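Reader: I am new to structure terms. Please show me the model, and let me ask what the words rest on.

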Amino acid sequence: MTLDAYRDLFDVSADGAYLDHAATGVLGRHVTDAVGDYLEGRAGRIDGRSPNNFPADLDRIERARRRAADLVGVPVEWVAMVPNTSYGLNLLVQGLDWMPGDRVAVPGCEFPANLLPWLGLADLGVEVDRVAHRDGVFSVDDVAAAIRPETRVVAVSAVQFLSGFRCDLEAIAALCRDRGVLLAVDAIQAVGAVRLDAGALGIDLLATGGHKWLGAMQGAGFVAVAPDLMERLRPMRGWLNGPVDWDDFDAISTDLHPDATRFHVGTMPTAGLYALDAALGAILGVGPDAIERAALANAARLGDGLERLGYDRVGPQGEPRSGIVTVRADDPEGLHAHLVERGVTCSLRSRLVRFAAHAQTRPEAVDLALDAVASFSRPVAA
């Protein structure tokens, strides 16, 4: 699939500019068609297909697992489907054998999904250390300074939700291996937009939801868990953690699956997984490299245009390495309202204005947004 063909799958109105993929991505026709197919089948409206969709769902879930594994560079055995990023991170939070005095290091600029689960371990005597940051940017040395002898996990976002900072996962992973510390990665602001090879990097656990840069629905995502860690985690138990004897449901087994499907507890959000499967298939069809080039080109176009208009960018400077571009303004609420009135969808976060174009965003939509910003008459923050 060419990039132009991929962009043609998205029917966002040409009268506006949707630049809010860091909040919620757009559903393309390939995704809505897949969900429609699922719903029609469940309604019994497709000849030869039973509303009892469970067998077909298992095949679709398996294909989604394979596609997710291909996208993040791991064997399919590492991948389990989960409802969201928080659930995926909680496989580690709730599954590790914590002891009083254990510690976790988390950047001070993290989204709550990658902070609150760790803070919830306080009842077990686990403490959280915050990695120092400057304007949503931190270095490998900052991470190293937060690691203590009692640290068991470093948990970072591959891309920071507000600044758009893309951390050096390769160096952080090497640091964690050297210190004997596990590395957990919240990848929801990266996967689907920029390349992330979890296997080559040596990430112990990667978790992501599907509704942002992957362009799928809320309530369906995936996790990749390295085998060494997989064996150490205690999964929440349900009827799909291990083999099922379909001919004799009285033959109960407590065995776990040998791969990451041991984290599959029970019935899944199948409509969402049809969507995720279709979204992953399209991204792989275009090619993750092409997707990243287009997303970063749009971010650069936005960043350069906003700087020319006098806006101060938050976080990393120079060429963007993620799809997120965030700026300061003297009247951020006024600027945001002004943009909404002109059909530009972006986010207001912590009194900062965040733009997030994706690969499917056409350059003319970026230019429309920049024209709307230019027409805002209030002064720019110094």
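Author: Here are the terms, one by one. This is a predicted model, where local features need pLDDT of at least 70, side-chain atom pairs count only at pLDDT 80 or more, and totals for chains, interfaces and linings use all residues. Residues are numbered from 1 along each chain as its sequence is written, and side-chain values use heavy atoms, with hydrogens and water left out.

Reader: Which residues line the largest cavity?

Author: Lining residues have an atom within 4 Å of a point. Among them are Leu71, Val72, Arg195 and Ile291. H3 and helix H11 (288–308) each supply at least two. Helices are DSSP runs of H or I with at least four residues, and strands are E runs of at least two, numbered from the N terminus.

Reader: How is the lining of the largest cavity divided by class?

Author: There are 9 nonpolar, 1 polar and 1 charged residues. Ala, Val, Leu, Ile, Met, Phe, Trp, Tyr, Cys and Pro count as nonpolar, Asp, Glu, Lys and Arg as charged, and the others, Gly among them, as polar.

Reader: What makes a pocket a pocket?

Author: A pocket is an open set, with protein on both sides within 12 Å along at least five of seven lines. The largest pocket has a volume of about 430 Å³. Of its 21 lining residues, those closest to the centre include Phe54 and His264. Helix H3 (residues 54–72) gives the largest share of the lining, 6 residues.

Reader: How do you know that E10 and E13 pair?

Author: Two strands pair if DSSP finds at least two bridges between them. Strand E10 (residues 324–328) and strand E13 (residues 352–356) have 4 bridges, in the antiparallel sense. So the pair meets the definition.

Reader: Why do E9 and E12 stand at the edges?

Author: The open sheet runs in the order E9-E10-E13-E12. Strand E9 (312–313) and strand E12 (347–349) each have a single partner strand, so one side of each is left without a neighbour in the sheet.

Technical notes
1 Å grid on protein atoms, 1.4 Å probe; cavity = no way out; pocket = protein on both sides within 12 Å on 5 of 7 lines; lining within 4 Å. Points joined across faces, edges and corners; volume = space filled by probe spheres on them.
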